[in-house]
Amino acid sequence: MPETNNKPAPETHRLTDRFNRQITYLRISVTDRCDLRCVYCMSEDMKFVPRSQLLTLEELYRVAKSFVEMGVNKIRITGGEPLTRRGIMQLFQALGRLPGLNDLTLTTNGTQLTRYAQALKTAGVTRINISLDTLQADRFHEMTRVGDIQRTLNGIDAALEAGFKRLKINTVILKDRNHDEVVDLVRFAEARGMDISFIEEMPLGVISDHDRQQVFYSSDQVLQDIQQYYETIPTTETTGGPARYYRLNGSQSRVGFISPHSHNFCEHCNRVRLTAEGRLLLCLGQEHSMDLRRVVRANPLDEAPLRQAIIDAMEIKPKGHEFDLSSQPVLFRHMNVTGG
Ligand code: SAM
Ligand code: SF4
């Protein structure tokens, strides 16, 4: 990866799909592996992609750079657990120097943040989403199958200390598992000046732990729980994605809802996803994709074919997703492959 690069990004092609949606946001899954096994995300015995099939850090950078040169100004690094990928800081450092990239963000389970928070800030990461579904140690262990809550809590403290522009908790609520902690989690976030987003479970991948329909707890129910204790003020803030945001009266914190079931979010979709194997997914809830690994590897010294493949992929971005909890699973790939 290049050491320095401070020329402005050359103006080239802008990425627009058939429905006139401009693509400005790329999410990159840098690994499908993880040090946790959350019950809604993975099955107990996951098979992971052989390392040789993953894009190398250099290949990830090449793809990211091409996207940025075509108008993408926001990149989120996710996984799997991105901070378990060996050498990952090199990628953050290289992306942090990329002209035209305004927002470099990360989604993590927080277990490695005591080690990396400061270096991520120095590399230019602006915001971090940290997943936390419960404040109770025994539940955390159950919901992640293997995790120790203290590592994630220490990671959150380290991120707060490092001084990021914005930190957010991501929470998946499952009925009779952690739905009684909605307000506690909001208080936790608020007390630390963090935002919190509640995510409805999505039917990605076969899981054995529970019936997704039975544990469904809608965003509207979560909002009602919060409104028993807080006055919420709807905002028009948007990231071009699925989240709807509310402000808590008298607080800096925002509460977001990602509700693929109860609210359609496709009309203004501005994003695409790159899997760790280099498959460009045009929609979280559909299989339309383009194999960029093949293009990158066939053309190690020429970026033109890669750019053309990305431009061509815009033609197959579908209009929207079709999640339906009653016909499971809608998609056989797990969230750790997609990069949530
Ligand atoms: N390991 C990191 C983490 O947990 O934050 C990043 C990857 S994880 C796949 C990204 C987000 O997806 C997490 O907030 C997680 O809670 C969420 N997630 C995983 N499986 C999901 C599912 N089936 N439905 C909804 N959200 C899911
Ligand atoms: Fe790992 Fe994140 Fe999936 Fe949990 S949600 S198993 S932390 S990738």
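**Figure 1. Contacts of Lys 175 in the predicted model.** Leaving aside neighbours within four places in sequence, Lys 175 is in contact with Gln 214, Val 215, Phe 216 and Tyr 217. The structure shown here, as in every view below, is a predicted model. Lys 175 sits in the loop between strand E5 (166-172) and helix H6 (182-191). One of its partners, Phe 216, is 41 residues away in sequence, yet the two C-alpha atoms are 6.0 Å apart. Lys 175 counts as partly exposed, because its relative accessibility is 34%, between the limits of 20% and 50%.

**Figure 2. The whole chain, for orientation.** The protein chain holds ten helices and twelve strands. Of its 340 residues, 57% count as buried. Among contacts with a separation of 6 or more, 75% join residues 24 or more positions apart.

**Figure 3. Helix H6 and its cover.** The buried residues of H6 are Val 182, Val 183, Leu 185, Val 186, Phe 188 and Ala 189. Just after H6 comes Gly 193, with a positive phi of about 70°.

**Figure 4. Ile 196 in strand E6.** Ile 196 belongs to strand E6. Its relative accessible area is 1%, so Ile 196 is buried. Leaving aside neighbours within four places in sequence, its contacts include Leu 185, Val 186 and Ala 189, which are among the buried residues of H6. Ile 196 also touches Lys 168, Ile 169 and Thr 171. Further contacts of Ile 196 are Arg 254, Val 255 and Gly 256.

**Figure 5. Packing of helices H2 and H3.** Two packed helices are described by the angle between their axes and the distance between the axes. Helix H2 (residues 88-96) packs against helix H3 (residues 113-123) at an angle of about 25°, and their axes are 8 Å apart. H2 is therefore roughly parallel to H3, as the angle falls under the 35 degrees that set the limit. From H2, the contact uses Met 89, Phe 92, Gln 93 and Gly 96. From H3, Tyr 116, Ala 119, Leu 120 and Ala 123 take part. Six of the residues in this contact are nonpolar, two are polar and none is charged.

**Figure 6. Tyr 40, Met 202 and an annotated binding site.** An unreviewed UniProt entry applies the annotation "binding site" to Tyr 40, Gly 80, Ser 131 and Met 202. Of these residues, Tyr 40 and Ser 131 are included in the lining of the second largest cavity. Tyr 40 is in the loop between strand E1 (25-29) and helix H1 (57-69). Tyr 40 counts as buried because its relative accessibility is 14%. Not counting residues up to four places away in sequence, Tyr 40 touches Asp 133, Met 143, Val 172, Leu 174, Glu 201, Ile 207, His 210 and Arg 212. Met 202 lies in the loop between strand E6 (195-199) and helix H7 (219-227). With a relative accessibility of 10%, Met 202 also counts as buried.

Figure 7. Arg 271 is in strand E10 (residues 271-274). Arg 271 is buried, because its relative accessible area is 6%.

Figure 8. Asn 20 is not a glycine, yet its phi is positive, at about 65°. Asn 20 is placed in the segment before E1. The relative accessible area of Asn 20 is 66%, so this residue is exposed. Arg 145, again not a glycine, has a positive phi of about 65°. Arg 145 lies in the loop between helix H4 (137-144) and H5. At 18% relative accessibility, Arg 145 counts as buried, since the limit is 20%.

Notes: Residues are numbered from 1 along each chain as its sequence is written. Chains are lettered from A and ligands numbered from 1 in the order in which they are written. This is a predicted model: local features need pLDDT of at least 70, side-chain atom pairs count only at pLDDT 80 or more; totals for chains, interfaces and linings use all residues. Side-chain values use heavy atoms; hydrogens and water are left out. UniProt positions are given in the numbering used here, feature names are shortened, and annotations may be inferred rather than shown by experiment. On a 1 Å grid over the protein atoms alone, a cavity is a set of points where a 1.4 Å probe fits but cannot get out, and a pocket is an open set with protein on both sides within 12 Å along at least five of seven lines; lining residues have an atom within 4 Å of a point. Helices (H or I, at least four residues) and strands (E, at least two) are DSSP runs, numbered from the N terminus. Buried means under 20% relative accessible area, exposed over 50%, partly exposed in between (1.4 Å probe, protein chains only). Contact means heavy atoms within 4.5 Å. Axes are lines fitted to C-alpha atoms, for helices over the stretch in contact, and angles run from 0 to 180 degrees between N-to-C directions. Angles under 35 degrees count as roughly parallel, over 145 as roughly antiparallel, 65 to 115 as roughly perpendicular and the rest as oblique. Ala, Val, Leu, Ile, Met, Phe, Trp, Tyr, Cys and Pro count as nonpolar, Asp, Glu, Lys and Arg as charged, and the others, Gly among them, as polar.
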